[in-house]
Amino acid sequence: MRSGKIWLVIASFLLVIPSGWGLCSGGQGTWRVEGIPSTLKQGDVFRIRLTADGGGVPSGGFQGEEIVFYSEENGKDYEALMGVDLECPAGIYPLNITVEEGSGVSGRMFQIEVVRAFFGVQRITLPPEMVHLDPQSLKRVKEEKRKMEALWAVRGENRRWHGKFLAPVEGRINAFFGVRRILNGERRGRHNGIDIKARQGEKVLCPNDGRVVMVDELFFGGKTVVVDHGQQLFSFYMHLDRVAVRMDQEIRKGDVIGAVGASGRATGPHLHWGVRLNGVRVDPLSLMEATTNDMETIGIIRKRKYMAEKRKKRTKKGENLGQGGKTLD
Ligand SMILES: [Zn+2]
């Protein structure tokens with residue numbers, strides 16, 4: 001009876017797959033596009049799928065960013081990944097797609113509504129010196145932030161990732177994406193990734209193919225690895241106990257990046273997993289959902305997000321999310 005209820009919950013999630021649909025004739029052929037949602041939440045990732053039967057070449061734009069389409073094999077089926085930032089203001093945003101076929105060009109405009117997500121609040125108590133930094137530490141933190149921001153701006157790497165993104169480590173999510181941090185009673189920034197609780201020393205696996213573009217020890221993030229998956233998609237891993245890769249190393253899906261730890265500003269062993277797509281901060285769970293066709297996986301991810309929403313709503317009433325193995329970056 002109990003498992004029947006669970007399946008009913010999962011099945012009900014599967015019925016609400018957001019999907020915009022467009023069909024366009026132009027140039028010498030026809031093209032159609034799907035996967036453009038009419039509504040998105042802050043931090044969401046979406047996958048556009050376009051078929052150009054006439055062999056046209058698609059391009060597009062969204063929020064000032066070029067939509068970079070890639071073709072898997074046959075030169076007529078294209079896909080692109082896009083996302084909206086954690087703090088993207090709510091509103092209506094145009095998304096345009098153009099297909100060039102020989103001497104003809106045809107285009108279509110879509111409207112996407114971005115709505116505010118309710119991310120919740122997490123109150124954490126820390127030793128005061130970890131909250132109010134001395135000038136030297138503050139300078140270090142600013143330099144490290146600049147260094148990471150410079151990475152997201154790098155353009156031109158070809159797409160390295162293929163298929164779905166895997167979870168880098170299995171475990172309970174201790175702090176979801178976007179949660180507002182209150183440190184020692186002071187309001188701070190939003191959490192730019194997810195914290196997965198795991199045992200100290202547990203292997204952290206690369207969720208998809210890429211190249212290592214940063215190995216460093218950061219003030220907040222501790223031992224940190226950044227992977228460039230190509231086409232402005234990056235993932236990063238913090239608080240590691242041990243790093244198993246080196247700078248510029250090419251890595252494959254499932255390769256070991258390092259081991260779970262509590263380095264940097266952390267109160268217990270966990271993995272902080274963050275993702276940047278076209279420079280914007282997106283939810284790693286949403287990236288996993290957008291890159292898989294496996295309905296069972298989608299069901300599990302949506303259930304996790306649903307549980308997160310429920311948990312966050314409780315915190316709206318002032319309940320603390322707890323302190324076991326947290327995420328302090
Ligand atoms: Zn974290």
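I started with β13, residues 180-183: three bridges join this strand to β14, and the two run antiparallel. For the record, strands here are DSSP runs of E with at least two residues, helices are runs of H or I with at least four residues, and both are numbered from the N terminus. Two strands count as paired if DSSP finds at least two bridges between them.

Before going on, I noted that this is a predicted model, where local features need pLDDT of at least 70, side-chain atom pairs count only at pLDDT 80 or more, and totals for chains, interfaces and linings use all residues. Residues are numbered from 1 along each chain as its sequence is written.

Which residue of β14 is the bridge partner of R180? I found R190 there.

Next I looked at the sheet around this pair. It is open, has three strands in the order β11-β13-β14, and its pairing is mixed. The edges are β11 (121-124) and β14 (186-190), each pairing on one side only. The twist from one strand to the next averages 25 degrees; axes are lines fitted to C-alpha atoms (for helices, over the stretch in contact), and angles between N-to-C directions run from 0 to 180 degrees.

Then I turned to an open sheet of five strands, ordered β3-β10-β9-β5-β6, with mixed pairing.

I wrote down E66 in β6 as the bridge partner of G61.
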